[in-house]
Amino acid sequence: MFQHLFRSRAAEVTAMAAVAASQAGFAVMHLTQSDAVNPVATPVSSYALTWPGIALFPASVLALALACAILAGRGVGLAREGFVRFLLGSTAVMLLCAAVFRTGTPESGLTWWAQIHRYTAGAAFVLLTLVAAWCAVRMKDADVPDWVRRATWWVTGLAALTFLTTTVNTFLPGFLDGGDWRGIGQRVLLVVLSALVWILVVNSARATVRTAAPAPAGVDAAAVPVAAVADAVPALAGTRS
């Protein structure tokens with residue numbers, strides 16, 4: 001029942017809409033809170049401290065968590081994807097915690113809830129980077145569009161490099177004055193990993209459509225892989241002619 005629900009057209013549209021809503025929410029925060037938040041030096045979570053980020057920040061993070069949860073339920077369109085589903089489900093949980101627990105203010109300092117926010121948000125970035133790397137490797141010999149394969153490799157490289165830079169800037173802010181521009185890395189990560197989720201939703205939808213495609217007449221659909229069915233269609237057509 002749940003498998004059918006996750007693989008439905010409604011779930012696919014919901015996941016795509018969730019990614020779009022998340023990206024739109026962060027864009028609005030950047031536009032409306034430019035006077036209160038410095039995008040170069042300030043972490044993205046700082047938008048949650050002033051209006052409209054008080055509402056938009058958790059909503060945007062939860063939207064991305066929803067998209068990851070749907071992908072965890074339906075898969076990303078690859079074979080033997082139990083591990084990547086686990087990573088996506090874990091990412092959804094980490095994003096949920098990052099949305100619920102707000103970052104600290106200059107007055108409150110690094111409180112326990114701010115620490116939960118920091119480390120769960122960081123864990124979500126790590127998990128999505130691992131998802132990108134796993135999918136990039138598995139797509140090498142898989143039947144996926146070339147642009148999906150290339151985009152996933154680019155996401156993996158950019159995310160890994162940017163995450164490393166962001167980590168250094170966070171824990172060693174004096175190194176190359178990284179603390180003065182650590183906000184840039186976080187924003188690049190956010191854009192790149194949001195794009196990854198969208199790419200995986202698109203590939204999952206493509207794979208679901210192909211799986212649901214009827215087999216040619218006289219062919220046992222249960223015994224033939226989807227790729228083989230696609231190759232058999234022109235051959236059968238030529239035989240009939």
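Trainee: OK, it's on screen. Which way does H3 pass H4, in a left-handed or a right-handed crossing?
Mentor: H3 passes H4 in a left-handed crossing. Keep in mind that this is a predicted model.

Trainee: Which residues make that contact?
Mentor: On the H3 side they include Phe57, Pro58, Val61, Leu62 and Leu64, and the list runs on to Gly73 and Arg74. H4 brings in Arg85, Leu88, Gly89, Thr91, Ala92, Leu95, Leu96, Ala98 and Ala99.

Trainee: And how many of those are nonpolar, polar or charged?
Mentor: The contact of H3 with H4 counts 16 nonpolar residues, 3 polar ones and 2 charged ones.

Trainee: What about the angle at which the axes of H3 and H4 cross?
Mentor: Roughly 165°, and the axes come within 8 Å. Here H3 covers residues 53-74 and H4 covers residues 82-100. That angle makes H3 roughly antiparallel to H4.

Trainee: Let me zoom out. How many helices and strands are there in the protein chain?
Mentor: The count is 8 helices and 0 strands. Going along the sequence, you'd write the pattern as α-α-α-α-α-α-α-α.

Trainee: What share of the residues is buried?
Mentor: Buried residues are 41% of the 241 in the protein chain. As for contacts with a separation of 6 or more, 68% of them come from residues 24 or more positions apart.

Trainee: Back to helix pairs. How do H5 and H6 cross?
Mentor: Their axes come within 8 Å and cross at roughly 155°, with H5 spanning residues 112-138. H5 and H6 are therefore roughly antiparallel to each other. The crossing of H5 past H6 is left-handed.

Trainee: Who's touching whom there?
Mentor: From H5, the contact residues include Arg118, Tyr119, Gly122, Phe125 and Val126. From H6, Thr152, Trp153, Val155 and Phe163 are among them. Sorted by class, the contact of H5 with H6 has 14 nonpolar, 5 polar and 1 charged.

Trainee: Switching to charges now. How many salt bridges does the structure hold?
Mentor: It holds 4 salt bridges. In one of them, the side chains of Glu81 and Arg85 meet at 3.5 Å, N to O.

Trainee: Is Glu81 buried or exposed?
Mentor: Glu81 counts as buried because its relative accessibility is 8%.

Trainee: How many residues apart are Asp146 and Arg149?
Mentor: They're 3 residues apart, about one turn of the helix, and both lie in H6, which covers residues 146-171. Arg150 and Asp146 both lie in H6 too, 4 residues apart, again about one turn.

Terms used:
Residues are numbered from 1 along each chain as its sequence is written. This is a predicted model: local features need pLDDT of at least 70, side-chain atom pairs count only at pLDDT 80 or more; totals for chains, interfaces and linings use all residues. Side-chain values use heavy atoms; hydrogens and water are left out. Axes are lines fitted to C-alpha atoms, for helices over the stretch in contact, and angles run from 0 to 180 degrees between N-to-C directions. Helices (H or I, at least four residues) and strands (E, at least two) are DSSP runs, numbered from the N terminus. Angles under 35 degrees count as roughly parallel, over 145 as roughly antiparallel, 65 to 115 as roughly perpendicular and the rest as oblique. A crossing is left-handed if the near helix is turned anticlockwise from the far one by less than a right angle, and right-handed if clockwise. Contact means heavy atoms within 4.5 Å. Ala, Val, Leu, Ile, Met, Phe, Trp, Tyr, Cys and Pro count as nonpolar, Asp, Glu, Lys and Arg as charged, and the others, Gly among them, as polar. Buried means under 20% relative accessible area, exposed over 50%, partly exposed in between (1.4 Å probe, protein chains only).
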